[in-house]
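Here are my notes on this one, as promised. Have the model open while you go through them.

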Amino acid sequence: MVEKLSGAAREAALATVARWREVEGRDAITRVFKFADFNDAWGFMTRVAMRAEQMDHHPEWFNVYSTVEVTLSTHDCNGLSERDIALAAFIDEVAG
């Protein structure tokens with residue numbers, strides 16, 4: 001079972017993905033990405049989708065043209081988990 005992050009472990013984990021912000025009113029993190037065009041945004045989403053499928057951990061996201069907003073939260077524990085942090089770190093790497 002996936003465990004929800006709390007206390008010092010949560011703070012330490014969030015520090016590793018400093019460009020993400022906490023979502024007000026829910027236990028999740030989010031980040032907005034801007035790309036040169038739709039093709040770059042779609043390519044980014046494709047790379048993330050492939051990794052998410054491997055992890056069996058899928059993001060919530062919204063795409064309009066060159067902008068992609070990603071929100072991460074683990075439904076199995078109803079909040080933020082190590083899975084979210086790992087996927088956020090991968091997403092940061094892909095986005096550059």
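1. A definition to begin with: buried means under 20% relative accessible area, exposed over 50%, and partly exposed in between (1.4 Å probe, protein chains only). By that rule F33 and F35 are both buried. Bear in mind that this is a predicted model, where local features need pLDDT of at least 70, side-chain atom pairs count only at pLDDT 80 or more, and totals for chains, interfaces and linings use all residues. Residues are numbered from 1 along each chain as its sequence is written, and side-chain values use heavy atoms, with hydrogens and water left out.

2. On to the rings. Rings of Phe, Tyr and Trp (its six-membered ring) pair if their centres lie within 6.5 Å; planes under 30 degrees apart are stacked, over 60 edge-to-face, the rest tilted. The whole structure has 5 aromatic pairs. One of them, F33 with F35, is stacked, at 6.5 Å centre to centre and 20° between the planes. Ring pairs also join W20, F33, F35 and F44 into a cluster.

3. What sort of pair do F38 and W42 make? Their planes sit at 35° with the ring centres 5.7 Å apart, so this pair is tilted. Both residues belong to helix α2 (residues 38–55), 4 residues apart, about one helical turn. (Helices are DSSP runs of H or I, at least four residues; strands are runs of E, at least two; numbering is from the N terminus.) F38 is partly exposed at 37% relative accessible area, and W42 is partly exposed at 48%.

4. Now the strands, which pair if DSSP finds at least two bridges between them. β2 (residues 29–34) runs antiparallel to β1 (residues 21–22) over 2 bridges, with T30 as the bridge partner of R21. The hairpin leaves 6 residues between these strands, and G25 there has a positive phi near 90°. β2 also pairs with β4 (residues 67–72), again antiparallel, over 6 bridges; R31 is opposite V70.

5. How does the length of helix α3 (residues 82–95) check out? Its 14 residues should span 20 Å at 1.5 Å a residue, and the end C-alpha atoms are 20 Å apart, which agrees. The expected span here is 1.5 Å times one less than the number of residues.

6. Which α3 residues are buried? They are D84, I85, L87, A88, F90, I91 and D92. These pack against α1 (7–15), β2, α2 and β4, contact being heavy atoms within 4.5 Å. Just after α3, G96 has a positive phi of about 80°.
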